[in-house]
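Subject: Structure handover

Hello,

Please find the structure below. My notes on what was found in it follow.

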Amino acid sequence: MGQLIAKLMGIFGNQEHKVIIVGLDNAGKTTILYQLLMTEVVHTSPTIESNAEKIVLQKTHFLVWDIGGQEALCSTWNTYYANTEFIILVIDSTDRDRLRTTREELYQMLAHEALQDASVLIFANKQDMKNSMTTVEISQFLTLSAIKDHPWHIQGCCAVTGEGIWLTLSSWAQSGEHAPTAEMLWERDHSRLRTQVPGDFRQAACGAAVDEISGHRQLTSQPEANPKLGAVLLGLCRWNT
Ligand SMILES: Nc1nc2c(ncn2[C@@H]2O[C@H](COP(=O)(O)OP(=O)(O)OP(=O)(O)O)[C@@H](O)[C@H]2O)c(=O)[nH]1
Ligand SMILES: [Mg+2]
């Protein structure tokens, strides 16, 4: 009981929650990050190191790292692991040839001691493409059902439209006993924030990110920039308690 209270105090206190977005190059990680942040598609170029976005919602701070997936960069992923609570693994569902490599990377991550307490959300991205693998195919190939020591969820999505991204938490959260659904969180936060957000605030807050998303950049985003993102992140935290 004491442990639970301590955890809840952590969530609603000033603690920072760390999320890392990993996956092979061209999977759609950066597209997902900025889809989450701005609800819009940005033109991306391969990420050379990482993109970091800090989001503050109420008293809850989130640090989201989008890490470059090129072969030479995979070996640097572990330098981002410390204190990570949530791993978002993005997969290009059309990239059959490299699913084996993704599986290796996934199990290496799960075995890493810095990630022992992390939850894993897998986005089977590019579901809009005709030749994409289904989430069932990907789950089977990755033998996800064998993962017992980390909470995980897989979701098909399309980063360019945002489809599948926002509803993800709903099914994830529903598997937790008392966790609110993403829709409930979104509705609550959205209706509360709607009254506070000036009309073009979102563009103003995030404009700097649109020009070029590559290499390393660190932006501090206002929580009001995307209430849906806040709802998703808060939902993740509650689910993880
Ligand atoms: N059709 C389609 N294209 C997508 C989707 N998501 C991303 N893309 C495209 O895939 C390409 C790579 O996307 P990025 O977000 O840059 O990929 P990344 O995982 O960040 O790649 P690295 O930074 O090199 O690790 C871009 O041209 C995106 O527009 C999707 O859901 N559907
Ligand atoms: Mg990238």
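A search of the whole structure finds 4 salt bridges, a salt bridge being a side-chain nitrogen of Lys or Arg within 4 Å of a carboxyl oxygen of Asp or Glu. Before the details, two notes on how to read them. This is a predicted model, in which local features need pLDDT of at least 70 and side-chain atom pairs count only at pLDDT 80 or more, while totals for chains, interfaces and linings use all residues. Residues are numbered from 1 along each chain as its sequence is written, chains are lettered from A and ligands numbered from 1 in the order in which they are written, and side-chain values use heavy atoms, with hydrogens and water left out.

One salt bridge is between the side chains of D25 and R98, at 2.8 Å from N to O. D25 is in the loop between β1 (16–22) and α2 (29–38) and R98 is in the loop between β4 (84–92) and α4 (99–111), so the pair ties together parts 73 residues apart in sequence. Helices (H or I, at least four residues) and strands (E, at least two) are DSSP runs, numbered from the N terminus. D25 has a relative accessible area of 27% and is partly exposed; R98, at 26%, is also partly exposed. The cut-offs here are under 20% relative accessible area for buried, over 50% for exposed, and in between for partly exposed (1.4 Å probe, protein chains only).

Another salt bridge joins D92 and K126, whose closest N and O atoms are 3.4 Å apart. D92 is in strand β4 and K126 in the loop between β5 (119–125) and α5 (135–142), which makes this a link between distant parts of the chain, 34 residues apart. Both partners are buried: D92 has a relative accessible area of 9%, and K126 has 18%.

R96 and E137 also meet through their side chains in a salt bridge, at 3.5 Å from N to O. R96 belongs to the loop between β4 and α4 and E137 to helix α5, so parts 41 residues apart in sequence are tied together. R96 is partly exposed at 44%, and E137 is partly exposed at 34%. Salt bridges with shared partners join D25, D95 and R98 into one network.

Next, the helices. The axes of α4 and α5 come within 10 Å and cross at roughly 60 degrees. The axes are lines fitted to C-alpha atoms, for helices over the stretch in contact, and angles run from 0 to 180 degrees between N-to-C directions. α4 and α5 are therefore oblique to each other; angles under 35 degrees count as roughly parallel, over 145 as roughly antiparallel, 65 to 115 as roughly perpendicular and the rest as oblique.

Which residues of α4 meet α5? They are L99, R100, R103, L106 and Y107, and they meet I138, F141 and L142 in α5. Contact means heavy atoms within 4.5 Å.

Helix α2 is largely enclosed by the rest of the structure, because 10 of its 10 residues are buried. Among them are K29, Y34 and M38.

For the chain as a whole, the secondary structure comes to 9 helices and 7 strands. Buried residues make up 54% of the 241 residues. Of the contacts between residues at least 6 apart in sequence, 75% join residues at least 24 apart.

Regards
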